[in-house]
Amino acid sequence: MSIALDEARAAARRGEVPVGAVIADAQGRIVARAGNRTRELNDPTAHAEILALRAACAALGSERLPGHALWVTLEPCPMCAAAIGFARISRLYYGASDPKSGGVGQGPRVFTHPQCHHAPEVYDGIHEQEAAQLLREFFEGLRR
(Lines give C-alpha, C1' and ligand atoms only; values in the text may rest on other atoms or scores of the structure.)
Protein backbone atom coordinates (compact mmCIF):
# COMPACT_ATOMS: atom_id res chain seq x y z
CA MET A 1 0.00 0.00 0.00
CA SER A 2 2.94 2.33 0.54
CA ILE A 3 3.61 2.38 -3.21
CA ALA A 4 -0.06 3.10 -3.93
CA LEU A 5 0.17 5.99 -1.46
CA ASP A 6 3.25 7.27 -3.33
CA GLU A 7 1.19 7.18 -6.54
CA ALA A 8 -1.61 9.08 -4.78
CA ARG A 9 0.83 11.77 -3.62
CA ALA A 10 2.19 12.09 -7.17
CA ALA A 11 -1.38 12.47 -8.47
CA ALA A 12 -2.01 15.27 -5.97
CA ARG A 13 1.14 17.08 -7.13
CA ARG A 14 -0.29 16.95 -10.67
CA GLY A 15 -3.56 18.48 -9.42
CA GLU A 16 -5.43 15.19 -9.60
CA VAL A 17 -7.55 13.66 -6.86
CA PRO A 18 -4.95 11.73 -4.84
CA VAL A 19 -5.73 8.10 -5.57
CA GLY A 20 -3.03 5.55 -6.33
CA ALA A 21 -3.16 1.91 -7.38
CA VAL A 22 -0.69 -0.97 -7.64
CA ILE A 23 -1.14 -4.43 -9.17
CA ALA A 24 1.07 -7.25 -7.95
CA ASP A 25 1.35 -10.85 -9.11
CA ALA A 26 1.01 -13.89 -6.85
CA GLN A 27 4.68 -13.59 -5.82
CA GLY A 28 4.21 -9.94 -4.81
CA ARG A 29 6.07 -8.49 -7.81
CA ILE A 30 4.64 -5.19 -9.01
CA VAL A 31 3.21 -5.51 -12.50
CA ALA A 32 1.71 -2.01 -12.78
CA ARG A 33 1.22 1.18 -10.80
CA ALA A 34 -0.73 4.34 -11.51
CA GLY A 35 -2.33 7.43 -10.07
CA ASN A 36 -5.41 9.32 -11.19
CA ARG A 37 -4.98 11.21 -14.47
CA THR A 38 -8.53 12.24 -15.36
CA ARG A 39 -7.70 15.94 -15.69
CA GLU A 40 -4.34 15.45 -17.38
CA LEU A 41 -5.76 13.09 -20.01
CA ASN A 42 -9.22 14.72 -20.23
CA ASP A 43 -10.59 11.23 -19.65
CA PRO A 44 -13.24 10.52 -17.02
CA THR A 45 -12.21 6.85 -17.02
CA ALA A 46 -8.55 7.56 -16.19
CA HIS A 47 -8.92 6.49 -12.57
CA ALA A 48 -5.85 4.97 -10.93
CA GLU A 49 -7.41 1.49 -10.93
CA ILE A 50 -8.33 1.59 -14.61
CA LEU A 51 -4.90 2.86 -15.63
CA ALA A 52 -3.18 0.16 -13.54
CA LEU A 53 -5.45 -2.53 -15.01
CA ARG A 54 -4.70 -1.34 -18.55
CA ALA A 55 -0.95 -1.31 -17.90
CA ALA A 56 -0.94 -4.74 -16.25
CA CYS A 57 -3.03 -6.31 -19.01
CA ALA A 58 -0.77 -4.79 -21.67
CA ALA A 59 2.37 -5.97 -19.87
CA LEU A 60 1.02 -9.51 -19.55
CA GLY A 61 -0.72 -9.67 -22.93
CA SER A 62 -4.04 -10.68 -21.39
CA GLU A 63 -7.37 -9.08 -20.56
CA ARG A 64 -7.57 -11.09 -17.34
CA LEU A 65 -5.37 -11.01 -14.26
CA PRO A 66 -6.19 -14.09 -12.17
CA GLY A 67 -3.87 -14.54 -9.21
CA HIS A 68 -3.14 -10.81 -9.06
CA ALA A 69 -3.86 -8.35 -6.27
CA LEU A 70 -4.88 -4.72 -6.62
CA TRP A 71 -3.93 -2.24 -3.92
CA VAL A 72 -5.74 1.11 -4.09
CA THR A 73 -5.83 4.00 -1.65
CA LEU A 74 -9.57 4.71 -1.99
CA GLU A 75 -12.53 2.36 -2.25
CA PRO A 76 -13.15 1.79 -5.98
CA CYS A 77 -16.13 3.48 -7.61
CA PRO A 78 -18.72 1.31 -9.39
CA MET A 79 -16.95 1.71 -12.76
CA CYS A 80 -13.62 0.58 -11.31
CA ALA A 81 -15.23 -2.22 -9.30
CA ALA A 82 -16.82 -3.60 -12.47
CA ALA A 83 -13.48 -3.42 -14.31
CA ILE A 84 -11.75 -5.19 -11.40
CA GLY A 85 -14.29 -7.99 -11.70
CA PHE A 86 -13.95 -8.17 -15.50
CA ALA A 87 -10.16 -8.42 -15.10
CA ARG A 88 -10.61 -11.33 -12.66
CA ILE A 89 -8.43 -9.70 -9.99
CA SER A 90 -8.12 -12.21 -7.12
CA ARG A 91 -7.67 -9.84 -4.18
CA LEU A 92 -8.60 -6.19 -3.69
CA TYR A 93 -7.02 -4.19 -0.87
CA TYR A 94 -8.18 -0.62 -0.33
CA GLY A 95 -7.53 2.15 2.13
CA ALA A 96 -10.18 4.77 2.75
CA SER A 97 -13.88 4.06 2.34
CA ASP A 98 -15.80 6.33 -0.02
CA PRO A 99 -19.34 6.93 1.28
CA LYS A 100 -20.11 9.33 -1.59
CA SER A 101 -18.85 7.41 -4.63
CA GLY A 102 -17.73 3.97 -3.48
CA GLY A 103 -18.94 0.86 -5.23
CA VAL A 104 -17.55 -1.97 -3.09
CA GLY A 105 -18.48 -1.49 0.58
CA GLN A 106 -20.74 1.51 -0.04
CA GLY A 107 -23.40 2.36 -2.59
CA PRO A 108 -24.18 -0.36 -5.13
CA ARG A 109 -21.74 -2.93 -3.69
CA VAL A 110 -20.93 -4.21 -7.16
CA PHE A 111 -19.39 -7.50 -6.04
CA THR A 112 -22.58 -8.61 -4.26
CA HIS A 113 -24.80 -7.98 -7.28
CA PRO A 114 -26.23 -11.12 -8.95
CA GLN A 115 -24.92 -9.94 -12.33
CA CYS A 116 -21.34 -9.81 -11.06
CA HIS A 117 -19.44 -12.64 -12.76
CA HIS A 118 -16.34 -12.46 -10.56
CA ALA A 119 -15.80 -11.00 -7.12
CA PRO A 120 -12.32 -10.70 -5.62
CA GLU A 121 -11.53 -11.22 -1.98
CA VAL A 122 -11.85 -7.73 -0.48
CA TYR A 123 -9.77 -6.28 2.36
CA ASP A 124 -10.56 -2.73 3.41
CA GLY A 125 -9.07 -0.21 5.82
CA ILE A 126 -5.44 -0.77 4.76
CA HIS A 127 -3.56 2.44 5.78
CA GLU A 128 -7.01 4.01 5.94
CA GLN A 129 -6.03 7.03 8.04
CA GLU A 130 -3.12 8.01 5.79
CA ALA A 131 -5.18 7.57 2.62
CA ALA A 132 -8.08 9.57 4.06
CA GLN A 133 -5.73 12.34 5.22
CA LEU A 134 -4.31 12.74 1.71
CA LEU A 135 -7.82 13.20 0.36
CA ARG A 136 -8.84 15.62 3.14
CA GLU A 137 -5.77 17.80 2.60
CA PHE A 138 -6.29 17.84 -1.17
CA PHE A 139 -9.92 18.94 -0.95
CA GLU A 140 -9.21 21.46 1.83
CA GLY A 141 -6.60 23.00 -0.47
CA LEU A 142 -9.19 23.43 -3.19
CA ARG A 143 -11.54 25.28 -0.83
CA ARG A 144 -8.92 27.88 0.20
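**Note on the predicted model**

1. Cys-77 is found in the loop between β3 (69-74) and α4 (78-86); helices (H or I, at least four residues) and strands (E, at least two) are DSSP runs numbered from the N terminus. The model is a predicted one, in which local features need pLDDT of at least 70 and side-chain atom pairs count only at pLDDT 80 or more, while totals for chains, interfaces and linings use all residues. Residues are numbered from 1 along each chain as its sequence is written, and side-chain values use heavy atoms, with hydrogens and water left out.

2. Cys-77 counts as buried because its relative accessibility is 15% (buried means under 20% relative accessible area, exposed over 50%, partly exposed in between, with a 1.4 Å probe and protein chains only). Not counting residues up to four places away in sequence, Cys-77 touches His-47, Glu-49, Ser-101, Gly-102 and Gly-103, where contact means heavy atoms within 4.5 Å. Cys-77 and Gln-106 are 29 residues apart in sequence, and their C-alpha atoms are 9.1 Å apart in space.

3. Glu-49, one of the residues touched by Cys-77, has its place in helix α3 (residues 48-60). Glu-49 is buried yet has no salt bridge (a side-chain nitrogen of Lys or Arg within 4 Å of a carboxyl oxygen of Asp or Glu). The nearest side chain of opposite charge is that of Arg-54, 11 Å away; Lys and Arg count as positive and Asp and Glu as negative, with His and the chain ends not counted. Leaving aside neighbours within four places in sequence, Glu-49 is in contact with Val-19, Ala-21, Leu-70, Val-72, Leu-74, Pro-76, Cys-77 and Cys-80.

4. The axes of helix α1 (residues 2-13) and helix α5 (residues 128-143) come within 11 Å and cross at roughly 5°. Helix α1 is therefore roughly parallel to α5 (angles under 35 degrees). Axes are lines fitted to C-alpha atoms, for helices over the stretch in contact, and angles run from 0 to 180 degrees between N-to-C directions. Leu-5, Ala-8, Arg-9 and Ala-12 in α1 meet Glu-130, Ala-131, Leu-134 and Phe-138 in α5. By class, this contact has six nonpolar, no polar and two charged residues.

5. Asn-42, in the loop between α2 (38-41) and α3, has a positive phi near 50°; at 68% relative accessibility, Asn-42 counts as exposed. Arg-109, in the loop between β4 (91-96) and β5 (121-123), has a positive phi near 45°; at 42% relative accessibility, Arg-109 counts as partly exposed.

Definitions and conventions: Parallel < 35°, antiparallel > 145°, perpendicular 65-115°, else oblique. Nonpolar A, V, L, I, M, F, W, Y, C, P; charged D, E, K, R; others polar.
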